[in-house]
Amino acid sequence: MTAAAIEARGLGKDFGTIRALEQLDLDVRAGEFFGLLGPNGAGKTTTVHLLATLLAPTRGTARVVGHDVVRDDLAVRRAIGLVFQETTLDRDLTVQENLRFAGRLWNLPGPLAVPRIEGLVRQFGLLERRDDPVRTLSGGMRRAADLARGMLHEPRVLFLDEPTAGLDPRTRRSLWELIGRLRQASGLTVFLTTHYVEEAEPCDRVAVMDHGRLVALGTPAELKRTTGVTSLEEVFLARTGHALGETGAG
Ligand SMILES: Nc1ncnc2c1ncn2[C@@H]1O[C@H](COP(=O)(O)OP(=O)(O)O)[C@@H](O)[C@H]1O
Ligand SMILES: [Mg+2]
């Protein structure tokens, strides 16, 4: 039996009077490459932070690899990797120093951490830049270093919150390639949020979110077929009445 990687039941979060996430019901299978697509303010980061135990839910429950995000938050944190919307690397430390520091936070013994870091800097194209301070790296390389750090403790579920937002199109594409290669990590579940349809397109399944609610869920092909359109942009428009690029406020 393969346990679900993520199960949310009626999961919701309010910030004062703002309902950031209404009531989310969602199952993500182990090994799935899952995309949460929505415009700014849709509730994507809130969803990730609830699942990653950084926020307490206002209502509902969620389990990540079988652990309850409230009761078993430590077990959840051990099982997940998280790449935040903004880089969280120390800009004055080198790539390698950042990764070593992360290794210590995860209590990885040196003999385990050193080869793993070596493998990750290779995998993410950072080999030549590993001894350079993070502040000297391009935006794309910095993101690649964030990804490497997110994978350091070999998580079973990797959360990527808008991993390529704000990058130029060419850099975005090269990062998509790196992210795509994560699929080869056996059994890894990837939960990615994005407002780029091109980033959602290669996902196994996509949940479309707007104003804290799921408005569609399925494979990209299913979503287009059942909506009778040819792109995920049009799926979004058909289900919400406004374009993905707009915040749709009000
Ligand atoms: N800490 C917070 N305090 C108050 N409102 C918040 C907070 N975080 C998010 N929100 C609000 O919740 C809604 C969803 O935000 P968010 O989850 O960041 O969306 P997304 O990541 O899709 O852009 C927005 O209206 C946002 O302004
Ligand atoms: Mg966000």
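Predicted model: local features only at pLDDT ≥ 70, side-chain atom pairs only at ≥ 80, totals over all residues.
Strand S7 spans residues 157-161, and five of its five residues are buried, so the strand is largely enclosed by the rest of the structure. The burial applies to both faces: Val157, Phe159 and Asp161 lie on one side, while Leu158 and Leu160 lie on the other.

S7 has a parallel partner in strand S6 (residues 80-83), to which it is joined by four bridges. In this pairing Val83 stands opposite Leu160.

The side chains of the strand lead on to the cores. Nonpolar side chains in soluble globular proteins tend to be buried together. The largest nonpolar core here has 43 residues, and Val95, Phe124 and Leu160 are the members that touch the most others. Helix H5 (residues 139-151) gives the most to this core, contributing five residues. A separate core of 28 residues lies apart from it, and Phe159 is among its members, as are Val76, Ala79 and Ala207.

The surroundings of Leu160 can be listed in more detail. Beyond its neighbours within four places in sequence, Leu160 is in contact with Val83, Leu147 and Ile179, and also with Val190, Phe191, Leu192 and Thr193.

Key:
Residues numbered from 1 in each chain as written. Chains lettered and ligands numbered in written order. Heavy atoms only, no water. Core = buried A, V, L, I, M, F, W, Y, C linked by side-chain atoms within 4.5 Å. Buried < 20%, exposed > 50% of the residue type's maximum accessible area, 1.4 Å probe, protein only. Helix = DSSP H or I, 4+ residues; strand = E, 2+ residues; numbered from the N terminus. Contact = heavy atoms within 4.5 Å. Pairing = 2+ DSSP bridges.
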